[in-house]
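Hi there,

Here is the structure I promised to send over. Have a look at it first, and then read on for what turned up.

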Amino acid sequence: MLKTEARNLVLQTDSYKFTHWRQYPPGTQFVYSYLESRGGMFEKTLFFGLQYYLLEYLAGVVVNEEDVREARSFVDQHIGPGAFNFDGWMHIVRRHGGKLPVVIKAVREGMLVDVRNVLVTIENTDPVCYWLPNYLETLLLKVWYPITVATLSHAIHEAVLHALEQSGDPALIDFKLHDFGYRGVSSEETAGIGAAAHLINFKGTDTVAGIRCLQRYYGSSEMEGFSIPAAEHSTITSWGRENEVRAYDNMLTQFPGGLVAVVSDSYNVYDACEKLWGEALHDKVLKREGTLVIRPDSGNPREVVLKVLEILGHKFGCETNSKGYRVLNPHVRIIQGDGVNYWTIQDTLTAMIRAGWSADNIAFGMGGALLQQLNRDTQKFAFKCSSITVNGEDREVFKDPVEGHDKASKRGRLALHRVNGKWKTSRTGNGDVPGDELRVVFRDGEVLARDTVKDVRERVARLSS
């Protein structure tokens, strides 16, 4: 059995950063850097996930002498002798007891901020450690991932909510997007952080790791995500095609009440809906104390959903709600779990509404498109130095490439304000600015501000009210 190596924070950085301590101007004492989204798929980002990184990687004693010696040996071989800042890291061990001498400020988690605004800042608190803020960039910039998942999930939340407000019951929103992404991500950590980010917008998930992440890092002892009994293809096809109806009947027998989801496209989803669910099992479905959720899992979502709705409406009946849209018999609903992304959800809902169907009839299951089909450039996240102090003198720092003005960075120390409903970043000079939305969340190894799941969800809920 392979032995799991102990984590060494000193080695959790890009290789070239091992040499950056030699590259700042002589006399550098403080380096101040910030994180922002420079644009991308959405014009606002929903801030979430920094607390996880602070608690998991930066809080408390995170470096010891053994780590530093191991890192020196590694870098000596990897780059060459003398490249590694042995004395600087040993200073952190001996002077600070292995805690990181930096101060981090950030916007509150659950806030929706216009792009091109500061979200996080970091500065060293010990002038000997001027090289540390940007050494930590590699780790801290990974917050792009939960922010981007939260942003995408929230954008879908708003699109579905709009459809419900137009055609049905907005109170159903919490369970309209279900996380199917566990198997489709690159790691267990990715699953935990990404699924947690989704759960600040919705409450439906099959990614257990996200619930565990919220419980551990966001102060919860509650169940923060929910699921229902559901079939997969193996549990249906193992009965054989000739016994498909028996497989469905078994689901109704095994789960006689509440919600139960049954994948129904193993062979012919239209025949399954019309002849098996709609005829052979029709009475059992209607007598059941709960709702059967039929899952189409192939084909073009818009086309398949519309056809399935018409079949189920014909077989089980439907009524017209107060908004003038058709709603299936309450014993039957649909969850579309294939080909689901930000655009196909809206496409499907638009087609349903045009055909007179309420959004009440459907939920969506979203996998890789929710947790994996995005990257740092989806929202163009960047971490840049904007100020340094050299021999007691503050200097503004920036870049503005002639062939890439969209990559121009901000200058100076920064504050974040809301002005007439819009977010605005301003330069502060030295010192705090009244009304600054950035708060100190970490200083010298201690996490000073924490958000609970409840805190974050309440902020997100206010965005839709």
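Which residue in β16 is the bridge partner of Ala-415? That partner is Ser-426. Please keep in mind that this is a predicted model.

Strand β15 (residues 414-419) and strand β16 (residues 422-427) have 6 bridges between them and run antiparallel. The hairpin leaves 2 residues between the strands, and Asn-420 adopts a positive phi near 55 degrees there.

Next, a pair of helices. Helix α10 (residues 244-254) packs against helix α11 (residues 269-280) at an angle of about 50 degrees, and their axes are 11 Å apart. The crossing of α10 past α11 is right-handed. On the α10 side, the residues in contact are Glu-244, Val-245, Tyr-248 and Leu-252, and they meet Ala-272, Leu-276, Trp-277 and Ala-280 of α11. Sorted by class, this contact holds 7 nonpolar residues, 1 charged residue and no polar ones.

Finally, helix α7 (residues 188-198) is mostly covered, with 9 of its 11 residues buried. The buried residues are Thr-190, Ala-191, Gly-192, Ile-193, Gly-194, Ala-195, Ala-196, Ala-197 and His-198. Among the elements that cover them are helices α1 (50-58), α6 (144-167), α8 (208-217) and α15 (368-371), along with strand β6 (177-179).

Note on methods
Residues numbered from 1 in each chain as written. Predicted model: local features only at pLDDT ≥ 70, side-chain atom pairs only at ≥ 80, totals over all residues. Heavy atoms only, no water. Pairing = 2+ DSSP bridges. Helix = DSSP H or I, 4+ residues; strand = E, 2+ residues; numbered from the N terminus. Axes fitted to C-alpha atoms, helices over the stretch in contact; angles between N-to-C directions. Left-handed = near helix turned anticlockwise from the far one by under 90°. Contact = heavy atoms within 4.5 Å. Nonpolar A, V, L, I, M, F, W, Y, C, P; charged D, E, K, R; others polar. Buried < 20%, exposed > 50% of the residue type's maximum accessible area, 1.4 Å probe, protein only.
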